[in-house]
Amino acid sequence: MALGALGVVYGDIGTSPLYTFKTALDWAGGSAAPDVALGMLSLIVWTLIITTSIKYVAVIMRADNDGEGGILALMSLLGIKHGERAGVISIGVLGAALLYGDGAITPAISVLSALEGIKAPVPQFAPYVLPLSVLVLIGVFGLQPLGSGRIGRLFGPIMTLWFITIGVLGVHGILRHPGVLAAIDPRYGLGYLFTHGATGFLVLGGVFLCATGAEALYADMGHFGPRPIRVAWYGLVLPTLLLNYAGQAAIVVDGTAAADANPFFALCPAPLQVPLVALATVATVIASQAIISGTFSMTRQAIQLGLCPRLHITQTSSEGYGQIYVGFVNWVLMALTLALTLAFRSSDNLAAAFGIAVSLTMFLTTILIFLTMREVWGWSLWLAATVAGLFAIVDLSFVAANLMKVFEGGWVPLVVAGVLFFAMSTWRKGRTLLERKLERDTLPLQGFIKSTHDKTRVTGTAVYLTSRTDVVPVPLLHNFKHNKVLHKRIVLLHVVTRNIPRVPAARRVEVTHLADDFHAVLRLHAEPERAACAGALRARRARVRDDGDVVLRRTGYDRRGERIPIRPHPARGVRRDASQRPVRHRILSHSAQPGHRARRPGGTLAIVREDRPCSVCRSSRLRGSRSY
């Protein structure tokens, strides 16, 4: 699992050395003075330690919502499970929208920065960097249907090689100027900030790029779990990142890197630069996986929380609940990423747009984690305030530095986040109003059963999908209102998804017999499985007899209302959730002409699809219909 986490979770933060130090130097005016290089290295080291190692990996990853991570998981944990609070929900929705906005930039800047490394050894290749980047990005999003589990197994060994390579390059640079190791002292970083005025503050925006993958790391927690992520971080990722940044600082201090060169590629001997560019390109492809997988996880959480319409979600693994693929999100994100790549055309231009959304999301996460410390973990006020206060000071520093880039491209993720925040807020409000209306229109189930005790019943069994078994489904009420009758047997079918790989066969269907031939059926299924409600009922071979026993058989009724065996057509199109796709099912009955239309109870329109003899009595006709 740790190897898979390397291939999915750490691509973003693992490829940040490609552009972080170079961007910080550019924003410092291109200065290569030793105090500047050491100050930047010190800021990068302590950003990785405080923001990523302590805040996210050690503290925040302790807060999960049924195994899921990300700011929406915190929002659900605090704003819904512990009492619905509008302020907490708004913070969570805004943070998720910001992360979506930044998610389109990460793949673009990563791929562009890697391919731009070819300009030094092969200058003739420069005009082809942009079109090749577009092709690589299309390939990245085209791989997503395979699922994060398979992608992790494919990319994990490559990322392992990548981290080992950048660590070795870092050691090679440090040997040229070992004095850079003194930058572990935070006074170098603080001294640079306080002695370089506005320039030093602006450089914080570039330094922050080393930690932009931390929020995606937390959002990806549901794919592999916290333990593999922690093992990979402390065991390989953090040490090699620190070594590489120290090596880049060493060659800047030593003066062996050209003024306009990328220190990352300058670490590598000239004969090996082309292979390094190839490896970096593959690594940046993997880097895109972290934020893409994170958006899939957030999308499912948003659907479950009623923040966006239902989308088709593909469970790509039977072993991990969080390993999913959301096609609509994947292709929309690809379109936005390609648009940004073609508009900004280089990693230097994209760097101005990168970071502002993530820094704001990190600050909002700090607010929610403070509430988690107090309300979920039971920390004392002074301890929670001390820890969260330290995180907030660091976060606000990065937010302020990144806000200075708004007019240089930082407005892009903010606009995307604003549109998504408006859409999700509107959808949630609309669902709330609809649920209140439906609540007013329905009745308690037990009261309804008593009130219909002496009402007319017709032969047959009616099955109603419902999200609650304590109230009357609205379609049942409409059927009774318009037709003035009820079926002899009423089955209320409630489908529940469990966050486990498999549900034992004996526990998949639970039947509760209510009064007057009303029956509640609970269908349990695991996320990787298809609900297949009709198949589950047939597997139990059940029908509800007048005596209340569950016997299940394949039976039908002839014209006189007597029960006869028939061979029903298998139900089709029933997915994990009936609302994820139009529910299509086949209904068989006797004597109808092809093309006949009839209004069924509940207002559904039955259209005769075929006319064929009954396989048993041969004298009647069976019809197949589709309900809409």
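The accessible surface of the protein comes to about 26800 Å², and 62% of this area belongs to carbon and sulfur atoms; areas were computed by the Shrake-Rupley method with a 1.4 Å probe, and for residues only the protein chains shown count as cover. The model is predicted: local features need pLDDT of at least 70, side-chain atom pairs count only at pLDDT 80 or more, and totals for chains, interfaces and linings use all residues. Residues are numbered from 1 along each chain as its sequence is written, and side-chain values use heavy atoms, with hydrogens and water left out.

Of the 628 residues, 53% count as buried, where buried means under 20% relative accessible area, exposed over 50%, and partly exposed in between (1.4 Å probe, protein chains only). The secondary structure comprises 24 helices and 12 strands, taken as DSSP runs numbered from the N terminus (helices: H or I, at least four residues; strands: E, at least two). Among contacts (heavy atoms within 4.5 Å) between residues at least 6 apart in sequence, 75% join residues at least 24 apart.

A pair of aromatic rings is described by the distance of the centres and the angle of the planes. Rings of Phe, Tyr and Trp (its six-membered ring) pair if their centres lie within 6.5 Å; planes under 30 degrees apart count as stacked, over 60 as edge-to-face and the rest as tilted. By this rule there are eight aromatic pairs. One of them, Phe-208 with Phe-398, is tilted, at 4.9 Å centre to centre and 40° between the planes. This pair links distant parts of the chain, 190 residues apart: Phe-208 lies in the loop between helix H11 (197-207) and helix H12 (213-219), and Phe-398 in helix H20 (residues 381-403). The pair of Phe-264 and Phe-265 is edge-to-face, because the ring centres are 5.2 Å apart and the planes stand at 90°. Phe-264 and Phe-265 also belong, with Trp-162, to one aromatic cluster.

| Residue | Relative accessible area | Class |
|---|---|---|
| Phe-208 | 1% | buried |
| Phe-398 | 3% | buried |
| Phe-264 | 0% | buried |
| Phe-265 | 6% | buried |

A charged group also meets an aromatic ring: Arg-62 lies over the face of Trp-377, at 4.4 Å from the ring centre. The criterion requires NZ of Lys or CZ of Arg within 6 Å of the ring centre and within 35 degrees of the ring normal.
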